[in-house]
Amino acid sequence: MSELGLMKRQFGHRARLALSPTEIRVMDDQAHAARTLWNCLHSWWQMMPKDKRTLAGADAAIRQARKDLDYLAVLPA
């Protein structure tokens with residue numbers, strides 16, 4: 001404990017990744033696909049009238065986007 005009675009909190013474990021160039025490319029592709037999916041979903045959400053925004057509708061939009069855009073297939077389901 002410190003002199004004020006406060007404890008220092010530890011926020012988990014950090015480890016440095018040693019990735020191969022192929023693994024870096026896979027992770028980079030997933031990051032770009034995730035950002036694209038987020039942007040598409042955000043645009044869809046903003047476009048829909050408030051009374052039609054549902055999680056089921058968002059899920060259907062995500063599923064359709066994964067079918068329509070091949071590069072979203074790199075994302076884990």
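Student: What share of the 77 residues of the protein chain counts as buried?

Tutor: Burial is judged by relative accessible area, with under 20% as the cut-off. In this model, which is predicted, 9% of the 77 residues of the protein chain count as buried. The accessible surface of the chain comes to about 7,100 Å², and 58% of that surface belongs to carbon and sulfur atoms.

Student: Which residues make up the largest nonpolar core?

Tutor: A core is read as a set of buried nonpolar residues whose side chains are joined. Here the largest one has five residues, namely A33, L37, A65, L72 and L75. If we set aside the neighbours of L72 within four places in sequence, L72 is in contact with A33, L37 and A65, and also with R66.

Student: Is L55 buried or exposed?

Tutor: The general idea is to compare the relative accessibility with the cut-off for exposed residues, which is over 50%. L55, found in helix α2, which covers residues 55-68, has 71% relative accessibility and therefore counts as exposed. The C-alpha atoms of L55 and L37 are separated by 15 Å, although these residues are 18 apart along the chain.

Student: Which residues form a nonpolar patch on the surface?

Tutor: That patch is formed by L17, L19, I24 and M27, which together have about 370 Å² of accessible area. One of them, L19, lies in the segment before α1 (21-47), and L19 counts as partly exposed because its relative accessibility is 31%, a value between the cut-offs of 20% and 50%.

Student: How many salt bridges does the count come to, and which residue forms a salt bridge with D59?

Tutor: A salt bridge is read from the distance between a side-chain nitrogen and a carboxyl oxygen, with 4 Å as the limit. The count comes to one, and D59 forms this bridge with R63, their closest N and O atoms being 2.9 Å apart. Both residues lie in helix α2, four residues apart, which is about one turn of the helix. D59 is partly exposed, with a relative accessible area of 36%, while R63 counts as exposed at 52% relative accessibility.

Technical notes
Residues numbered from 1 in each chain as written. Predicted model: local features only at pLDDT ≥ 70, side-chain atom pairs only at ≥ 80, totals over all residues. Heavy atoms only, no water. Helix = DSSP H or I, 4+ residues; strand = E, 2+ residues; numbered from the N terminus. Buried < 20%, exposed > 50% of the residue type's maximum accessible area, 1.4 Å probe, protein only. Patch = residues over 30% accessible without salt bridge, like charges linked within 9 Å, V, L, I, M, F, W, Y side chains within 5 Å. Areas by Shrake-Rupley, 256 points an atom, 1.4 Å probe, with all protein chains shown as cover. Core = buried A, V, L, I, M, F, W, Y, C linked by side-chain atoms within 4.5 Å. Contact = heavy atoms within 4.5 Å.
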